[in-house]
Amino acid sequence: MIGAALLALGSHWRRHPVQLVTLLLGVALATGLWSAVQAINGEARASYAQAANQIGAGGLDRLRRADGAAMGLEQYLALRRTGWQVAAVLEGEMRLGLRAVAVTGIDLLAYPDLPAIAESAAAAEIAPVEALTAPGRLFAAPALALTLQGEPGLPPVAATNALPPDTVLTDIGTAEALLNRPGQISHLLVLPKQPLVRTPLAEIAPDLIRQPASGAQDIARLTDSFHLNLTAFGLLSFVVGLFIVHGAVGLAFEQRRGLIRTLRALGLPLRLLTRLLLAELCLLALMGGAAGLVLGYLVAAALLPDVAATLRGLYGAPVSGALELRPVWLLSGLGMAVAGTLLASAQALWRLARMPILAAPGQRAWGSGRLRARSQLLLALVLLLGGLAGFALSGGLIGGFVLLGAVLMAAALALPPTLSVLLTIGAARARGPVAEWLWSDMRAQLPGLSLALMALLLALAANIGVGTMVASFRLTFDGWLDQRLTSTLYVTARDDAQGAALADWLEPRADAVLPIRSVEIDRAGTPLFVYGIVDHPSYRTHWPLIARSAQDWDRVMRGEAALINEQMARREGLWPGDNVELAPGWSLPVAAVYSDYGNPTGQAIVALERLLDRYPGTPNTRFGVHLAPERAEGLADEIDATFDLPVGAVIRQETLKARSRAIFEKTFLVTGALNILTLGVAGFAILTSLLTLWTQRLPQLAPVWALGLTRARLARLELARAVALAAMTAVLALPLGLVLAWLLLAVINVAAFGWRLPMYLFPLDWLRLIGLALATGALAAALPALRLYRLPPAHLLRVFANER
Amino acid sequence: MLLTVDTVTKTYPGGRPVLRGASITLDRGQSLALTGESGSGKSTLLNLTGALDGFDSGEIILDGVALSRLDDAGRAALRRDRVALVFQQFNLIPALTVAQNLSFQARLAGRLDADWLKEITARLGLGDLTERYPEQLSGGQQQRVAIGRAMAGRPKLLLADEPTGNLDETAAGTVLDLMLDLVRDSGTALLLVTHSQAIAARLDRRAHLTGGRVAA
Amino acid sequence: MNVRLLVFLLLWPWAALAQGFAGLGTEADGFAVPERGHSPVFPADHGPHPDFRIEWWYLTATLTGADGREYGLQWTLFRSALKPGEAPGWHSPQLWMGHAAVTTPDSHLFAERLSRGGIGQAGAHATPFRAWIDEWEMAGDMGGDMVLSAGGRDFAYHLTMRAKGPLVLHGEGGYSVKSAAGQASYYYSQPFLEVSGSLTLPEGEMPVTGQAWIDREWSSQPLAEDQSGWDWFSLVLDDGSRVMAFRLRGSSDFTSGTWIGPDGHATALPDGSIRAEPLATAPSGTGPEVPVRWRLAIPARGLDVTVDALNPRAWMGTSFAYWEGPVRVSGSHGGRGYLEMTGYGDE
Ligand SMILES: Nc1ncnc2c1ncn2[C@@H]1O[C@H](COP(=O)(O)OP(=O)(O)O)[C@@H](O)[C@H]1O
Ligand SMILES: [Mg+2]
């Protein structure tokens, strides 16, 4: 019986191959775009993680001496014995002939979870007794390991892929012998798990400064915004794809009602039937999902190089441009496909399960349309209120997303009733029979197209929203770069001594040399960076203040007040007029608040003398150098030639800006590509809706044709209709997109990253997008219109024929 | 002569010949009942006469226009301006109200006579149903609207294909009476396909279609 | 496999237990072995014995809070030698591991520390007595006043302790046999500590008083090949007596223990004189199901009691994991104590 039932159910697809293809394509598109975004995000995150794990333990804060010198064992012990969970690291260089190799010695026992250690030891199958006791073991990348093996007098070497090419990792005991620096420690890693009770750093080791984690976490936080955008896009594409699935499944179930009734009348239990249909759906979802994964992989592979370039350039985040296949990605993609398909089919399945065996074929009452419109509007209102309530209650990121989702869903639900009203108005104002018919017919067609139009609405709104956000970010960031990067050159010395020499040397050669000096203050667990500056007109004219007070700069320079960054202002509700406690016992009035994009931590600016009063040991290694731009390159070369500075110690402002701007162009490219793709999916949704509506369409068109309109004219009208609906949807999508953009910029961004971006409007972009929407509608309607144009009259006549 | 169908042949693609040289003539204001077995080609002949489809050979001359010479646009213009059609079903435009349906063709042809439309509307006896949509009407009511719409533009020729075929006897009677009355009053010629001898008897002439030819 | 795991495969003998004693460490591998007839000498033997493979300073305490609730506390310093002997600085082969825990009727907080000897981050001295790892410390006079402190991410404690009785030697004058085949360790205790201090818990500070018990043990080959784990009891009875009893589970169980009178007079309980019978098991938190209710009988002493865990979820989810928690005693005798169980899986 099951076999027979399956055969009967399956025969539907054989008779309606277009429907089958539509369904599969819907699943494939939904899964494809979603998993493409996932693949890109996953690749980027994996790259960050790998970078962070390469020895540097980038995710951990470090303690080092302010003067840059090595510390001794006793300092490590003092910290350990007062509760600080730290791991000792000794870094140095080892010369192999002409080649310098970086040696990192870590107390392997103190932090065995450090991935580079764990991976190295596991890969090389080294027992702890070998790594921890003399002569010890060296770990190195395979090529370096080969070189090292040939060197006399070195401990045995183990090759591992977990390390960068020019680094030797070993236990600190082995390292101190290798580097001939017994009892020395370069810095301490602050381990993730710290005890409840711990003596403050300033009491045990006042000469140590805490450096915040570089790398992974910062990168992750900075790039989160970017990934958030991509994820939002992916999710919306997914939803848009589900609209297609919903339509196709709904139609297939509708058309199989008779068959299903027959099967049930023949004694097939409803539960078994439902299960069969579920199984069928899962199978289709898996097929479509598999195709979607292929599609997603291709899209991701095409976009990844640009994304990688963006992230590399924008945040220095190392992302490889090559895509890797990750099993988690495959599984989650298929999972999404199945879950999404079932979600999109829930309504159809539910209706089926409740369908009585013997009911007459449903005669749709005319009033139900209006009733449905009203209940949709009501539901939209409820959703909107729920979203607002959710936001009011929980606030923050979750609240923001709840509100965002509610707004989008409410808008989608409200679309058909709104369009219906618009069309009624249009019909009332129409002159001439054809125009009247056109408007009325559009309204009649609305129920069949509403899902596709909702999809289009969401796609357009997402495009406007995300586009506005990215463009606003670019504009703001651009302006901010101009304001913040006022020095022509930025130079970083190795230590204070070199810094002093550098400053002396620069003084006669530049218009101004501004020290950039800061300390990190541990403020109830959250770090605060306090910068000391000297008075210079460039600050007063350029510094990006977003909230000011009278004589703000004068008061700061006199040491009477402080500037704080926006993140801190928003987090702690501190604005000009309030007092900020920078450290225990050190309070200053807030003179102004400045924007500080991309920085996750709090920051404050005070007069330099003020900072030095409090923290005399503040390092003096960074300088902003003012001089005429055309002299920048020459001076940079001179500095390089005169001082022994590390690579990247001299940065030209122009280069920095140009790099940042180039990166944004890449961001735009990626956003643009996703724009087109989501719109494409929405267009496809419209196309499939039109195709599935085709059979219902002929009885509408045949009488008009018979009354004297040519097929060519009817085809043109079909096109016009689709374009008009797309245009109306686009116009409605515009305010929705702006609301979305506002939510992203003013709510979600603030909750997620602590700064608020001003919103800029880009009407030209909207025009382009509306144009794209019209093109989407026209393209989607082109095929059905062409089909109509070519339709033999005999086909139209069958509508009237008795045999129907 | 309003209509001359002269040895027309028609074969649908992939099928056997349906018409093998059918001929009829019809004078202005005259009515003709076309009978024949189911599948004999009655509807086909009617559709060809109404310029809805093309034929293979022979000629149809309607109000002086040779249909074989017309292109798609010409045929559409002819349907719009000179003939009116009533089929067994799906005559009305679902998206338009009854009132809009009634005036549609006349307005399309630019020949709306408001008084005449008012009279027709009154004679349909639909009361205030005119603001409803076709699917809210019964089958008989729908057919009445279809006839009203057909006649609103005062066509030269009304082509009706079993207009009462889907209706019960009473409804069929009302519809037929309405049609014959209107046709008479406006001097329109009528070509009516029917398989009912009783109906055929009420018309001026009859013709029988068999073997793809018309026997008078 | 990560290094942590590798480290602890070597941290004999626990790993040996986890592996069902797969031949690792049955041999002494150049380490010294306990010899029958030798007894610990004090105060020297309060300090470490780097020539022996494994050693511990193990304190458990049953406490009562100012709120009237019962608490349990553990402080343990393990020493495990990768090789016999010492070497200076980072090259020391002596690994040290600290475990600390506080158990309340509804929570169990624990922490772990790891270090190597040689640099002074962890170690032990005999005179004046001090055992420490990082900021955790047990110090003072084993026969007089002592202090104890430790803590983790979510708890800390600080206690002062005073000895109210003598040190107790287990087995034959401190030579404690662990199997029928003769594996043995040196083993003595200070079971008469009166303590007071405070616990810092997520809910806040809690002043406490109670009883503590220190175990000192060192060896190089304490288990036989077929032994899979142990159940170890230290009980302070209401009449002032103390009982140390353990069962080593193997192809045949091996039991041993010491009956300690209120005056500190110790009597060894030979193999077979103790009956320990699990009555009920319960989930232990992140670990496996373990017996949390026992019947413990020492017929020769008229003892027949039920031992109940204060909190069944006292699983020590440390690198080497086991169950360790406070218990209540009822039946022929009342009292409180500590129970340790190893070898039930998930180590
Ligand atoms: N649109 C069409 N395409 C193909 N064959 C058709 C079409 N319409 C009618 N036929 C065929 O032509 C023949 C005549 O049909 P029709 O004119 O509808 O007959 P009648 O109206 O007399 O019942 C029938 O065999 C029918 O199947
Ligand atoms: Mg017919």
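Where in chain C is Pro128(C) found? Pro128(C) sits in the loop between β5 (122-125) and β6 (129-133) of chain C, where helices (H or I, at least four residues) and strands (E, at least two) are DSSP runs, numbered from the N terminus. Before I go on, let me say that this is a predicted model, in which local features need pLDDT of at least 70 and side-chain atom pairs count only at pLDDT 80 or more, whereas totals for chains, interfaces and linings use all residues. Residues are numbered from 1 along each chain as its sequence is written, chains are lettered from A and ligands numbered from 1 in the order in which they are written, and side-chain values use heavy atoms, with hydrogens and water left out.

Let me stay with the backbone for a moment. Most residues other than glycine have a negative phi, and most peptide bonds are trans. The bond from Thr127(C) to Pro128(C), however, is cis, with omega near -15 degrees, and the bond from Phe42(C) to Pro43(C) is also cis, with omega near 5 degrees. Pro43(C) belongs to the loop between α2 and β1 of chain C. As for phi, Asp134(C), which is not a glycine, has a positive value of about 50 degrees, and this residue lies in the loop between β6 and β7 (136-140) of chain C. In chain A, Gln551(A) has a positive phi of about 55 degrees, again without being a glycine, and its place is the loop between β14 (545-547) and α18 (552-557).

Turning to the aromatic rings, the structure holds 20 aromatic pairs over all chains, where rings of Phe, Tyr and Trp (its six-membered ring) pair if their centres lie within 6.5 Å, and planes under 30 degrees apart count as stacked, over 60 as edge-to-face and the rest as tilted. One of them joins Phe52(C) and Tyr186(C) edge-to-face, at 6.0 Å centre to centre and with 75 degrees between the planes. This pair links distant parts of the chain, 134 residues apart, with Phe52(C) in the loop between α2 (14-18) and β1 (54-65) and Tyr186(C) in strand β12 (residues 184-201).

Next comes ligand 1, which lies between chains A and B. The residues around it, meaning those with a heavy atom within 4 Å, include Ala794(A) and Arg798(A) from one chain and Tyr12(B), Val18(B) and Glu37(B) from the other. By class, this shell divides into 3 nonpolar, 6 polar and 3 charged residues, with Ala, Val, Leu, Ile, Met, Phe, Trp, Tyr, Cys and Pro counted as nonpolar, Asp, Glu, Lys and Arg as charged, and the others, Gly among them, as polar. Helix α1 (residues 42-49) of chain B provides the largest share of the shell, 3 residues. An oxygen atom of ligand 1 is 2.7 Å from a polar backbone atom of Gly39(B), and a polar side-chain atom of Lys42(B) lies 2.9 Å from an oxygen atom of the ligand.

I will finish with the second largest cavity, whose volume is about 140 Å³; a cavity here is a set of points, on a 1 Å grid over the protein atoms alone, where a 1.4 Å probe fits but cannot get out, and lining residues have an atom within 4 Å of a point. Of its 15 lining residues, the closest to the centre are Gln445(A), Leu449(A), Leu690(A), Glu718(A) and Ala722(A). The lining divides into 11 nonpolar, 1 polar and 3 charged residues, and α22(A) gives the most to it, with 5 residues.

Note on methods:
A polar contact is a pair of N or O atoms within 3.5 Å; within protein, one must be able to donate a hydrogen and the other to accept it, and residues adjacent in sequence count only if both atoms are side-chain atoms. On a 1 Å grid over the protein atoms alone, a cavity is a set of points where a 1.4 Å probe fits but cannot get out, and a pocket is an open set with protein on both sides within 12 Å along at least five of seven lines; lining residues have an atom within 4 Å of a point. Grid points are joined across faces, edges and corners, and a volume is the space filled by probe spheres set on the points.
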